[in-house]
Each structure stands twice: as C-alpha cells, then as structure tokens.
Amino acid sequence: MKRTDQVIITDRKMWKDYVLLSFKSPQIASKALPGQFLMIRITPHSYPLLRRPISIHAVEGENIAIFFQKSGIGTNILGLRKKKELLDILGPLGNGFGLKGDFSHKKTVLIGGGRGIAPLFFLANSLADRKAEIRTFYGGKTSHDLPLKEKFEANGLKVFCSTEDGSFGYKGLITDYFNSEMRQFRPERIYACGPDAMLKTIADIAAKENIPAELSLESIMGCGIGACWGCVKRLKKDGVTGWFRICQEGPVIPADQIIWAEKDK
Amino acid sequence: MTDLSIDLGFMKLKNPVIAASGTFGYGIEFTPFIDLNHLGGFVVKGLYYSPREGNPPPRLVETSSGLINAIGLQGIGVKRFSEEILPRLIDYNTSIIINVCGEHEDEYAAVVDHLNHQPGIAAYELNISCPNVKKDGKCPALDPKTTYSVVKLIKKSSTRPVITKLSPNVTDITEIALSAQEAGTDAVSLVNTFLALAIDPNTRKPRLANILGGLSGPAIKPIALRMVYQVACRLKIPVIGMGGICTGGDALEFLIAGAKAVEIGTANFIDPEATIKIINELHNFCRERKIGKLETIIGTMK
C-alpha cells in the first residue's frame, strides 16, 4: 500500500519569491523519477484545505528537494515551514519524462521558465548520468527569477539564461533565445516546463523542426491521484480528443498530444 | 469487540462509512492506498448512459476551508463502466453503490435498466442534485414535484434499493425529502454541494470556467449537519449524512444528529486514507466509552 509520508524538513533556502525545501525520505527517493510530483499538505488544519502538487526538484541518496515559487496562499504558507518541522507528503505521483533508450552523446535541450526550472534539475542529472549532451535554457522576468543558475553550473551543467527586462543574460523570451541558438545546437530531444504560453511556443518550434518534445504541464489539482477529475487539459491521445487528467496522463505530456486553449495562442 | 455494523433495513453495512460519489473515482483509483474491503461501502462517480465530456477547466477552486467544483460529471458512460470497471470491483466485500445521473427522466431509467442486469451492485444513489451540470445550477432536487416524479419512475424499474441524493440549495429540504419518501425511495442521502461562486478581483473573472460550482469541505459541515438533523426528525426511512466530514468526530456528529450512515467526500482528496482513519476513530471512540454497538448512538442528541 502506498502511504502518505511524514518527513522532517532538513534544509530551507529562500529567495525573494522562491523556496527550496529538503527532506529525507528513503521511500520516495527509491521510487522517484524525473518529472514526477508530490502532493504536499500545507497545514494539518482545514485552511488551506487541499494539498499542492509540487514537482520533485532533486533526489540525492535518500534526500529529496522541492523548489517552488511563492505564488498563492498555499505556497506562501509552505514557504514559512522551517527546518525540523514535519511535512505530510504523498507521492511520487504521475508520469515523468521519457528516459528510455540510449542517450549517450545525444543532444538534448531543457527549457525552464521561472519556477518551471524545478523538475529540470532532477532530469538534467539523470540525462548526465546517461552521458547525454545537455544544454539548459533558463528564463525569467528579471534576474531575481533565476535563483538556480549557480546550482546547475555547480553540477557541471551548461545554463543559458534570459530575462524579459534584460537585467541578466539574453534580453527577451527564453523561447526566442533557444530558437536563435538552434543552428549551433540542434537537439534530438526537447524537455520543457513553464507557463502555458512558453510551452505552446516550444510545441510549435518542435513541430516545425520535427524534434520530439516533452512538456511538463501545470494544473490546479484536487487530489493528484485521479479521483477528482479537476486537473484536466485537452489532449488528443490514441485518436481520442477530450479532457484528460494531468495527474494520470502527465504531468509530462508529448508536445504533439496537447490541444492548446485559445488564450495560449 | 466493538460492533460498527449498521442495518439500513434494505442493506447491511459493516460500518457506517461510505466514500461519496465524485470524490472516489470509480473506486479502483484508491486501491493503491486503502483496502476497499474495510469500507462500509463506496459510491461510484456519477454515471450517465452516454459518456460525458464534462466542463472546461478551471474546474476547481479552493476557498476558505472548502472547495468549489464544476467538474460537470465527466465520465465513461454506463456501458463502458459495466464492461471495464465493474468486473474489477465486484469481488470486494463491501457495498458498491452506483450514482445514477440523467439529462432527463428517460436517461435515468436507461441507466438503471442497464445496471439492473449487472452483478455485484448493492444499491443505486439517484443523483438529482448535481449543481454544476446546468449553467444556472438547476436540478430535479430543487422541486418536490420533479423529485417525486424521478424517484417514482426509478423505483418502478429498479431491482435494487434506491437512495435519493438531495440538494441543499432549497428553502426547506424536509419538504423535498418527504416528497422522495412518498415516491418510495428506500433512503435519502444529503447534502450534495452548495451552489457557489468565486471571483478573481484582479481580473473580475469567475474562478471557474462554468462560473458557478458546488461548495464542499469543512466549510459546509455545520449547515449540512443542521439539514441532516431536520430531515432525520421528519422521515421514517434511513438518512445518510454528508458534508465536510473529515474525522471520526465529524462522523459521530452526523450519527448523533440522526444519520444511519455517513458519506466521506472532499476528505478523500486531502488524504486517500481518510475513510479508513475515520473507521479507526469510530472504533476507538466506542472502545474508550465501552459502547458495544455503534448503532445505539444514532439519533441520540441530548
């Protein structure tokens, strides 16, 4: 039987809008795959009521890290949780990034927008273990939105940064930066996580260039286990078009299965 | 040894804890987390005759100690359910209840006609109270006459006990409950969700694509409990209570108010083991107070 896990927070790093929490969980660490997520209870009380879906940022031995943006009441309260406090966790859940086959010397591009960088660190380390050639594109609104740049570089990963206001790196959208670098480094596989508008642009580029792309989607989730049917996105899968549960089919979905909403176009 | 079993007259439950429709998927979603054999029963997500696409997202919004949903009863339809899901459920030793939906009376009847020929089902829960299918929240349970009409029709064709699930979005819920009783329902379950709205003040847009949705969770518990109490005082048939139950203590409140059994809804989202924990808490409550049979506590508010 899968169970919720009571873990003790072992470390907390904070930036202005972002938080990194670490904890020990041999149970989750032994099973977790890059791209999977955890449902984290914010408090033991009834407000905020629901768990929050947060992707797994790193697995090192028996230690897990999550990285998130303080963007609402739930993540703001979660960001206040301190070292030595208990955290109630359910997971790992969902389907992660495709890592089957030979990645040796394969060119891969990872694109993270803002908090979307979170699962790409776990993925980058797994791809590095498989001897893939990796470039990570990391975009934010300002230089304050790139807190994990050094962490990637400390692990020997190449990071290409952009900011919308030009305060650091390439000035503009990360998708434009990636597109402009395409001639020098044409990937065989693209992995991305970030806002829907960014993912939609990547899906378009991937389709035009005929490169397989896997996108990690974000959604409001009620349960994370397939019971509530609240987290749906429109997909075309095995010839069927409809609302599919992101917690069950994803959160990582092949780009060519996603039917984008009008607002993302 | 504490006896948690409950006799509803038409159905015996090993304990009063039933997982509520719409919060428990088709049951199989919970098998990685709990042993379904330990439940008093579970109600399968609402089934129409045909598959249903449901509402566009966003379908959920969290509010103070509550959750507004407008899923729109997305589902695979009764035929695929009988072929693909039901065979995987029927060996569980628990009461399997099917939540029956319909766009109109004929569809309710068609779902029941189909299910009458399927094995392993303990009862039907007639869903005449979902607030987020029609844009304005309308449903048969808002009116005593339409309630009577649907219940009467289904009782005629059903080979199994019928539990009628009532809406709280009415002036006097006892009037609707009496109407369902008069039409022959074997029990009533209440309450379904409260018709609700949440707005993003920055964009002035509703938080849900459907605009309106149904509020559930701890926020509604005191009102749900009041309605269960009022209905239990008036009806001769069993009342199944629900609305924001998260703990054994919550469940006991409903039993003491007169419910013979309880349904657990939103709590399943927060903790997939919620039903089992509530059963354990009922056990402990009885043991600590030397209550031999939990049933003796029903309707004993002092």
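Is B:Ala219 buried, partly exposed or exposed, and what is its relative accessibility? I took this as my opening question for the predicted model.

**Entry 1: B:Ala219**

I looked up the relative accessibility of B:Ala219 and found 34%. Buried means under 20% and exposed means over 50%, with partly exposed in between; B:Ala219 therefore counts as partly exposed. I then located B:Ala219 in the loop of chain B that runs between strand 14 (212-216) and helix 5 (221-234). Setting aside neighbours within four places in sequence, I listed B:Ser64, B:Ser65 and B:Gly66 as the contacts of B:Ala219. For one of these pairs I noted both separations: B:Ala219 and B:Ser64 are 155 residues apart in sequence, while their C-alpha atoms are 6.9 Å apart in space.

**Entry 2: B:Asn268**

I next turned to B:Asn268, which lies in helix 7 (residues 267-270) of chain B. Its relative accessible area is 0%, so I recorded B:Asn268 as buried. Which residues is B:Asn268 in contact with, leaving aside neighbours within four places in sequence? I found B:Ala19, B:Ala20, B:Thr23, B:Phe24, B:Phe30, B:Ala274 and B:Thr275. I also checked B:Asn268 against B:Ala187: 81 residues separate the two in sequence, and the C-alpha to C-alpha distance is 23 Å.

**Entry 3: Chain A as a whole**

I counted the secondary structure of chain A as 7 helices and 15 strands. The radius of gyration of chain A is 18 Å, close to the 18 Å that the globule rule gives for 265 residues, so I noted chain A as being as compact as a globular protein of that length. The C-alpha trace of chain A spans about 50 × 45 × 35 Å along its principal axes. I read that 58% of the 265 residues in chain A are buried. Of the contacts in chain A with a separation of 6 or more, 63% are accounted for by residues 24 or more positions apart.

**Entry 4: Chain B as a whole**

I repeated the survey for chain B. How many helices and strands does chain B have? I counted 8 helices and 16 strands. A compact globule of 302 residues would have a radius of gyration near 19 Å, and the 18 Å of chain B agrees with this. Along the principal axes, the C-alpha trace of chain B spans about 55 × 50 × 40 Å. Buried residues make up 60% of the 302 in chain B. Among contacts in chain B between residues at least 6 apart in sequence, I found that 71% join residues at least 24 apart.

The accessible surface of chain B comes to about 11,600 Å², and carbon and sulfur atoms hold 53% of it. I noted 31 positive and 30 negative side chains in chain B, with the centres of the two sets 3 Å apart.

Nonpolar side chains tend to be buried together in soluble globular proteins.

Not counting residues up to four places away in sequence, B:Leu190 touches B:Leu166, B:Ile173, B:Met227, B:Val228, B:Val231, B:Val239, B:Ile240, B:Gly241 and B:Met242.

**Entry 5: Backbone details**

I looked for cis peptide bonds in chain A. The bond from A:Gly91 to A:Pro92 is cis, with omega near 0 degrees, and A:Pro92 lies in strand 6 (residues 86-93). A cis bond also joins A:Gly250 and A:Pro251, with omega about 10 degrees. I placed A:Pro251 in the loop between helix 7 (246-249) and strand 15 (252-254) of chain A.

I then looked up positive phi angles. A:Trp229 is not a glycine, yet its phi is positive, about 60 degrees. A:Trp229 sits in the loop between strand 12 (213-216) and strand 13 (232-237) of chain A and is buried, with a relative accessible area of 8%. B:Leu73, also not a glycine, has a positive phi of about 55 degrees. I found B:Leu73 in the loop between strand 6 (66-69) and helix 1 (77-89) of chain B, and at 11% relative accessibility B:Leu73 counts as buried.

Technical notes: Residues are numbered from 1 along each chain as its sequence is written. Chains are lettered from A and ligands numbered from 1 in the order in which they are written. This is a predicted model: local features need pLDDT of at least 70, side-chain atom pairs count only at pLDDT 80 or more; totals for chains, interfaces and linings use all residues. Side-chain values use heavy atoms; hydrogens and water are left out. Helices (H or I, at least four residues) and strands (E, at least two) are DSSP runs, numbered from the N terminus. The radius of gyration is taken over C-alpha atoms; the globule rule is 2.2 Å times the number of residues to the power 0.38. Buried means under 20% relative accessible area, exposed over 50%, partly exposed in between (1.4 Å probe, protein chains only). Contact means heavy atoms within 4.5 Å. Accessible areas come from the Shrake-Rupley method with a 1.4 Å probe; for residues, only the protein chains shown count as cover. Lys and Arg count as positive and Asp and Glu as negative; His and the chain ends are not counted. The place of a charge is taken as NZ of Lys, CZ of Arg, CG of Asp or CD of Glu.
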